[in-house]
Amino acid sequence: VQLVDMAKLEVRVSRAMSHVKRCCAPPGRRWEVLAGTWCASWLLAGPVAALTAENLLYLEAWRAVDRAYVDAPKLGSSWRQERDRTLKQARMATRDDTYAAIRSSLATLGDPFTRVVEPKRYEAMQRASRQSTVAGVGVQLAAQKQGEAVVVKTNRGGPAERAGMAPGDAVLAVDGRDVSDMPLADVGDLLRGEPGSETVLLVRSGSKEKTLKLVRAVVDLQPVEEMACPGNTLAYVHIGAFQNDPSARDAIRKVIKDGAQGLVVDLRGNTGGSFPAGVELARDLLGAGEIVRVADAQGVRDILDADFPHPLVVPGSVPITLLVDKGTASAAEVFAAALHDNDRASIVGDSTYGKARVQTIVELSDGGAVLVSTAKYLTPAGEDIQGVGIVPDKALPMDLPEEPQEFCKAVEGLPASELFVRQNVPHFPEDLLL
């Protein structure tokens with residue numbers, strides 16, 4: 001047991017004591033006595049071994065992960081070893097150095113969703129989360145296995161669409177900065193900015209690379225659009241993101257009230273949004289049944305379900321199909337899995353993105369933040385779709401537009417069986433033309 005000389009310690013790190021207590025001390029023990037721990041030996045290593053402000057900031061971020069990371073049991077002692085190695089070897093003379101050290105340590109987790117954001121970027125994230133519009137280039141991205149950020153959707157009328165960018169294009173660099181191995185969220189941060197500001201992208205389209213100069217603009221996220229197709233046979237609702245308002249439920253209720261005999265909910269390009277909103281809409285469509293399981297490092301801690309009898313927005317006699325693609329993620333995947341595993345909906349399209357982790361934001365003392373994966377979603381069937389996604393029942397029968405009027409035109413004359421795979425409603429006609 002190594003006792004800390006408090007008189008000397010107060011002189012050396014008096015302004016850092018509260019930080020050391022939070023970042024280094026084992027919970028439930030007096031921090032003055034650190035039994036054989038690295039923190040005590042490091043603090044007492046010599047007259048020049050005092051913790052600097054940059055060391056303390058690094059330890060804040062390290063401790064945020066150590067306390068709550070969802071896969072902490074799998075890390076064993078490696079995360080503590082990473083802390084020791086970084087504090088002994090990494091340069092932390094400036095704030096940029098410190099954030100680079102934090103990013104380097106977080107990269108060892110192999111979790112692209114646990115990340116650190118600097119104060120200015122965190123402030124921008126907070127502003128964006130309060131808005132239904134965002135200033136950027138108007139693209140939605142997905143990460144490929146080779147690490148590239150690939151466009152899965154361009155927003156109608158946005159700068160990217162006007163410049164000719166299309167789904168499948170890979171973003172290689174932003175303003176001269178290589179983003180090929182950068183976490184997807186960081187690439188998104190680089191693309192956002194003030195309206196009217198310029199950004200230069202290096203993009204690969206097919207086998208050709210091209211440089212595009214784009215002017216950022218406020219992009220309407222178009223969270224919900226709906227239409228009852230002519231003849232009232234089919235209702236189409238596109239949900240671009242789940243939001244904490246009744247817009248999606250109201251849109252579905254409206255088209256069903258018009259007498260539709262089948263409902264298509266388009267989740268393509270829906271990267272999630274509000275998790276509670278996605279769960280609540282699943283309740284509205286299920287009426288009863290398990291929606292999602294939430295597990296942390298200790299196992300399943302909560303099961304969210306639709307308490308019977310929850311009022312139904314869509315009658316049980318109306319079949320539902322969900323359209324998904326590789327841009328469908330997070331809360332949208334929770335919603336899709338809930339309806340699919342309860343035999344309430346067919347899933348048509350491409351495999352989804354596979355984001356089944358819950359992030360908790362831990363703010364840092366300098367105004368930055370660490371986003372830590374603290375829990376994971378499991379589908380009602382008990383599956384962890386992280387990195388795997390949801391496999392659809394079938395592929396799309398054709399390229400279908402997302403604009404409601406164009407969608408209705410495209411499916412005119414299409415046999416219902418092309419979209420409604422799980423026709424669990426016996427009286428729904430197999431040969432009905434939409």
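**Helix packing and strand pairing in the predicted model**

Helix α12 passes helix α13 in a right-handed crossing. The model is predicted. Two packed helices are described by the angle between their axes and the distance between the axes. For α12 and α13 (residues 331-341), the angle is about 20° and the axes lie 8 Å apart. An angle under 35 degrees counts as roughly parallel. α12 is therefore roughly parallel to α13. On the α12 side, the contact is made by Phe275, Gly278, Val279, Leu281, Ala282, Leu285 and Leu286. α13 contributes Ala331, Val334, Phe335, Ala338 and Leu339. By class, the α12 contact with α13 has eleven nonpolar residues and one polar residue, with no charged residues.

Helix α12 (residues 275-286) also packs with helix α11 (residues 247-257). Here the angle is about 25°, and the axes are 10 Å apart. These two helices are therefore roughly parallel to each other as well. The crossing of α11 past α12 is right-handed. α11 makes the contact through Ala248, Arg249 and Ile252. Leu281, Asp284 and Leu285 are the contributors from α12. The contact of α11 with α12 has four nonpolar and two charged residues, and no polar ones.

Five strands form an open sheet with mixed pairing, in the order β10-β11-β12-β15-β16. β10 (224-228) and β16 (345-349) stand at the edges. Each has a single partner strand, so one side of each is left without a neighbour in the sheet. Direction ignored, neighbouring strands are turned by 20° against each other on average. Within the sheet, β11 (residues 234-239) pairs with β12 (residues 262-266) in the parallel sense. Five bridges make up this pairing. Ala235 has Leu263 of β12 as its bridge partner. Helix α11 lies across β10, β11 and β12. α11 runs at about 5° to β10.

Helix α4 (residues 53-68) packs with helix α7 (residues 95-107) at an angle of about 25°. Their axes are 9 Å apart. α4 is therefore roughly parallel to α7. The α4 and α7 crossing is right-handed. Glu54, Leu57, Tyr58, Ala61 and Val65 make the contact from α4. Arg95, Thr98, Tyr99, Ala101, Ile102, Ser105 and Leu106 make it from α7. The contact of α4 with α7 has eight nonpolar, two polar and two charged residues by class.

Strands β5, β7 and β8 give two antiparallel pairings. β5 (residues 170-174) and β7 (residues 198-205) run antiparallel and are joined by four bridges. Ala173 has Leu202 of β7 as its bridge partner. β7 also pairs with β8 (residues 208-215) in the antiparallel sense, over eight bridges. In that pairing, Thr199 stands opposite Leu214 of β8. The hairpin of β7 and β8 has two residues between the strands. Gly206 takes a positive phi near 70° in this hairpin.

The mean pLDDT of the protein is 83. A value of 70 or more is reached by 82% of the residues. Over residues 1-48 the pLDDT is below 50. This stretch has 62 contacts in the model beyond near neighbours in sequence. Residues 424-434 also have pLDDT below 50. There, the model has 34 contacts beyond near neighbours in sequence. Where pLDDT is low, the predicted coordinates should not be read in detail.

Key. Residues are numbered from 1 along each chain as its sequence is written. This is a predicted model: local features need pLDDT of at least 70, side-chain atom pairs count only at pLDDT 80 or more; totals for chains, interfaces and linings use all residues. Side-chain values use heavy atoms; hydrogens and water are left out. Axes are lines fitted to C-alpha atoms, for helices over the stretch in contact, and angles run from 0 to 180 degrees between N-to-C directions. Angles under 35 degrees count as roughly parallel, over 145 as roughly antiparallel, 65 to 115 as roughly perpendicular and the rest as oblique. A crossing is left-handed if the near helix is turned anticlockwise from the far one by less than a right angle, and right-handed if clockwise. Contact means heavy atoms within 4.5 Å. Ala, Val, Leu, Ile, Met, Phe, Trp, Tyr, Cys and Pro count as nonpolar, Asp, Glu, Lys and Arg as charged, and the others, Gly among them, as polar. Two strands pair if DSSP finds at least two bridges between them. pLDDT is the predictor's confidence in each residue, from 0 to 100.
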